[in-house]
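Dear colleague,

Please find below the structure for your review. A summary of the findings follows it.

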Amino acid sequence: MPLEAGLLEILACPACHAPLREEADELHCTGSACGLVYPIRDGIPVLLVDEARRPE
């Protein structure tokens, strides 16, 4: 289930504060130095650095 456009506009990476982009069931940080990937579970973004993973 895609996130609402308004919500995605105000969300930012908690680690580097860069904007996020949605891909499938994840939010990807657009910061070139960071690049963390945050899960979306049951339609709710989990924006915890401890839950994020590094891109592969």
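Predicted model: local features only at pLDDT ≥ 70, side-chain atom pairs only at ≥ 80, totals over all residues.

Aspartate 42 is exposed, since its relative accessible area is 80%, and exposure is assigned over 50%. This residue sits in the loop between S3 and strand S4 (44-45).

Histidine 17 belongs to the loop between helix H1 (5-10) and strand S1 (20-23). With a relative accessible area of 63%, histidine 17 is classed as exposed.

Cysteine 16 is found in the loop between H1 and S1. Its relative accessible area is 33%, so cysteine 16 is partly exposed. Leaving aside neighbours within four places in sequence, cysteine 16 is in contact with Cys29 and Cys34. The C-alpha atoms of cysteine 16 and cysteine 29 are separated by 8.6 Å, and the two residues are 13 apart along the chain. Cysteine 29 in turn touches Cys13, Cys16, Ala18, Pro19, Leu20, Arg21, Cys34, Gly35 and Leu36, not counting residues up to four places away in sequence.

Which residues make up the largest nonpolar core? This core has 12 residues in all: Leu3, Leu11, Cys13, Ala18, Leu20, Leu27, Cys29, Cys34, Leu36, Tyr38, Ile40 and Ala52. At least two residues of the core are supplied by each of strand S2 (26-29) and strand S3 (37-41). In soluble globular proteins, nonpolar side chains tend to be buried together.

Arginine 53 lies in the segment after S4. Its relative accessibility is 31%, so arginine 53 counts as partly exposed. With neighbours within four places in sequence left aside, arginine 53 is in contact with Glu26, Leu36 and Val37. Between the C-alpha atoms of arginine 53 and glutamate 9 there is a separation of 22 Å, the two residues being 44 apart along the chain.

Turning to the chain as a whole, the secondary structure comes to one helix and four strands. Along the sequence these follow the pattern α-β-β-β-β. The radius of gyration is 10 Å, close to the 10 Å that the globule rule gives for 56 residues, so the protein chain is as compact as a globular protein of that length. Taken along the principal axes, the C-alpha atoms fill a box of roughly 25 × 20 × 15 Å.

Some further totals may be of use for your calculations. Of the 56 residues in the protein chain, 34% are buried. Among the contacts with a separation of 6 or more, 17% are between residues 24 or more positions apart. The accessible surface of the protein chain comes to about 3,800 Å², and carbon and sulfur atoms hold 54% of it. As for charge, the protein chain has 4 positive and 10 negative side chains. The centres of these two sets lie 8 Å apart.

Yours sincerely

Conventions. Residues numbered from 1 in each chain as written. Heavy atoms only, no water. Core = buried A, V, L, I, M, F, W, Y, C linked by side-chain atoms within 4.5 Å. Buried < 20%, exposed > 50% of the residue type's maximum accessible area, 1.4 Å probe, protein only. Contact = heavy atoms within 4.5 Å. Rg over C-alpha atoms; globule rule 2.2 N^0.38 Å. Areas by Shrake-Rupley, 256 points an atom, 1.4 Å probe, with all protein chains shown as cover. Lys, Arg positive; Asp, Glu negative; His and termini not counted. Charge placed at Lys NZ, Arg CZ, Asp CG, Glu CD.
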